[in-house]
Amino acid sequence: MIDPFALISGFLILCISGAIAFLIRKIVPAALLIAALAILAAVAAVRFGQFEEFAPLLVIYVNGGLMGGLGGFLFAKKAAEPG
């Protein structure tokens, strides 16, 4: 069963990474920011005792970051199209 903290924080990572990808609209800087966000959030959560192990939380955050980043890029591309 998934931890409620991991579920909620993974969803927040997904939303934040989607916003980053939508606002930046360039793949390399957005991907670097999203990766840094996922790694720093996982390290902080483990360090402050919110989660026990680093690897499972990092997997959840990276997946959320990838899905949010892809959604943000697709939405930005669709919003930029005329008509």
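**Figure 1. The crossing of α1 and α2 is right-handed.** In this predicted model, the two helices pack at an angle of about 160°, with their axes 9 Å apart. Because angles over 145° count as roughly antiparallel, α1 is roughly antiparallel to α2. On the α1 side the contact is formed by Phe5, Ile13, Ile16, Ser17, Ile20, Ala21 and Ile24, which meet Pro29, Ala30, Leu33, Ile34, Leu37, Ala41 and Ala45 of α2. Classified by residue type, this contact of α1 with α2 comprises 13 nonpolar residues, one polar residue and no charged residues.

**Figure 2. Ser17 is a buried residue of helix α1.** Helix α1 spans residues 4–24. The relative accessible area of Ser17 is 0%, and residues under 20% count as buried. Leaving aside residues up to four places away in sequence, Ser17 touches Ile34, Gly64, Gly65, Gly68 and Gly69.

**Figure 3. Helices α2 and α3 pack at an angle of about 150°.** Helix α2 covers residues 27–47 and helix α3 residues 54–80, and their axes lie 9 Å apart. The two helices are therefore roughly antiparallel to each other, and their crossing is right-handed. Helix α2 contributes Ile27, Ala30, Ile34, Ala38, Ile39, Ala41, Ala42, Val43, Ala45 and Val46 to the contact, while α3 contributes Phe54, Leu57, Leu58, Tyr61, Val62, Gly65, Gly69 and Phe73. The residues of this contact of α2 with α3 divide into 16 nonpolar, two polar and no charged.

Notes:
Residues numbered from 1 in each chain as written. Predicted model: local features only at pLDDT ≥ 70, side-chain atom pairs only at ≥ 80, totals over all residues. Heavy atoms only, no water. Axes fitted to C-alpha atoms, helices over the stretch in contact; angles between N-to-C directions. Helix = DSSP H or I, 4+ residues; strand = E, 2+ residues; numbered from the N terminus. Parallel < 35°, antiparallel > 145°, perpendicular 65-115°, else oblique. Left-handed = near helix turned anticlockwise from the far one by under 90°. Contact = heavy atoms within 4.5 Å. Nonpolar A, V, L, I, M, F, W, Y, C, P; charged D, E, K, R; others polar. Buried < 20%, exposed > 50% of the residue type's maximum accessible area, 1.4 Å probe, protein only.
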